[in-house]
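Subject: A structure to look through

Dear colleague,

Please find below the structure that I promised to pass on to you.

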2 protein chains.
Amino acid sequence: MKFYDCTTAPSPRRVRIFLAEKGLILPTAQVDLRNGEQFTPAFRAINPDCTVPVLELDDGTLIADAVAICGYLEELHPEPPLIGASLQERAVVTAVNRMIERDGFHAAMDAFRNFTRGFKGRALPGRHDYEQIPELAARGRSRVEHFFRDMDARLASREFVAGERFTIADISTLVLTDFAGWVKLAIPEDCAHLRRWYGAVSARPSAKA
Amino acid sequence: MKFYDCTTAPSPRRVRIFLAEKGLILPTAQVDLRNGEQFTPAFRAINPDCTVPVLELDDGTLIADAVAICGYLEELHPEPPLIGASLQERAVVTAVNRMIERDGFHAAMDAFRNFTRGFKGRALPGRHDYEQIPELAARGRSRVEHFFRDMDARLASREFVAGERFTIADISTLVLTDFAGWVKLAIPEDCAHLRRWYGAVSARPSAKA
């Protein structure tokens, strides 16, 4: 196996934290996103979408998606369970993780990529170029603010975002919260439950990944 | 189990086709989205996001996401495999399905919800209201056009979108292609591979679901 990573980027950080929680270390190649290595012919041959993370299996199969990579690693190394220990828990964790991606991660990405000068003409990752839409940056900020309040309410009655166990849904929320900080979006002062959770998950050794 | 459905909506159609391919029939409740039943207190208690599909398990657990529901049903009823028959195939199908959601499904949703008069003030599903952004409708149309051409290239060397087997990734692509027709986006005439695929999957009995 070979893991294509970029230590400064949020999406591969989801996989790095997942690996750290599992106690796994993979052979890793750094892709220099800041200097455009993802757009080189060599990297396009690995992932035409020009994104990391990518996991290359020993037979050459390429898995170019953070959640698909985590699902693969969970099946290979079930302990500790990070996507649910039962059929039912897996369904709940999957649904919650997808809600977090949609309402939080994509919103933070809209806020960042439609605003940041360096992403002019590249408002979306992937193989095609799209111009920034300033209204979409503003909507993204508003959505992240709503997301923080909704998560605060959710954490009033749960230790972790998908229940009583640390899961991939906590990883997604931690990574997007730190990423939202790039455009100066922070957990509101009065969101005590979300702040309690953020302190706890940030203190785990895996959060350094 | 109880399946909350709406026969006119694309997201629950993904689950309906999945059920039909498995040969499963579930007790089903129709939610009348056109007349706002999703915004009633009774339905908000089932799904605060005000969306279908939702699967209610016998112990009361609620799974409010099409892909999480399909994953649950696949584990309960593995045959025929629709999310991959091996660890590796599951990872590939998951990654391809997520690419199709991001580049196709979300793009078609942007094109539809930011343009259609009935969705004024409701440009996103979920618990919060957002205004339409006309530039986002236009970007959505452009993305769907790119998506059709990218899928045509993909299908030049594969019978189905994730390989040689019909999977959830074909279901997602079929549903979004029909949904894109609501805003008059159609597979271009010269996309022969995608047209061949569309003819074949549309002719399956499950496509009527």
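Before we come to the sheet, please keep in mind that two strands are said to pair if DSSP finds at least two bridges between them, and that helices (H or I, at least four residues) and strands (E, at least two) are DSSP runs, numbered from the N terminus. This is a predicted model, in which local features need pLDDT of at least 70 and side-chain atom pairs count only at pLDDT 80 or more, while totals for chains, interfaces and linings use all residues. Residues are numbered from 1 along each chain as its sequence is written, and chains are lettered from A and ligands numbered from 1 in the order in which they are written.

In chain B, four strands make an open sheet with mixed pairing, and their order is 2-1-3-4. Strand 2 (28-30) and strand 4 (62-63) of chain B are at the edges with a single partner strand each, so one side of each has no neighbour in the sheet. Strand 3 (residues 54-56) of chain B runs antiparallel to strand 4 of chain B, and two bridges join them; the bridge partner of Glu56(B) in strand 4 of chain B is Leu62(B).

Helix 3 of chain B is mostly covered, with nine of its eleven residues buried, where buried means that 20 or more other C-beta atoms lie within 10 Å of a residue's own, exposed means 12 or fewer, and partly exposed means in between, with C-beta atoms placed from the backbone. Among the buried residues of this helix are Ile69(B), Cys70(B) and Tyr72(B). The buried residues of helix 3 of chain B pack against helix 4 (87-113) of chain A, and also against helix 1 (10-22), strand 3, strand 4 and helix 6 (168-180) of chain B.

How are the two chains related?

Where the chains meet, 28 residues of chain B and 28 residues of chain A take part in the contact; two residues are in contact if their C-beta atoms, placed from the backbone, lie within 7 Å. On the side of chain B that touches chain A, the elements giving two or more residues are helix 3 (66-76), helix 4 (87-113) and helix 5 (134-155) of chain B, and the largest share, nine residues, comes from helix 4 of chain B.

Within chain A, the domain assignment gives domain 1 (2-76) and domain 2 (87-208), such bounds coming from an automatic or database domain assignment. The C-alpha centres of these two domains of chain A lie 20 Å apart, and their contact takes twelve residues from domain 1 and eleven residues from domain 2.

Lastly, Gly163(A) is found in the loop between helix 5 (134-155) and helix 6 (168-180) of chain A. Gly163(A) is partly exposed, because 15 other C-beta atoms lie within 10 Å.

With best wishes
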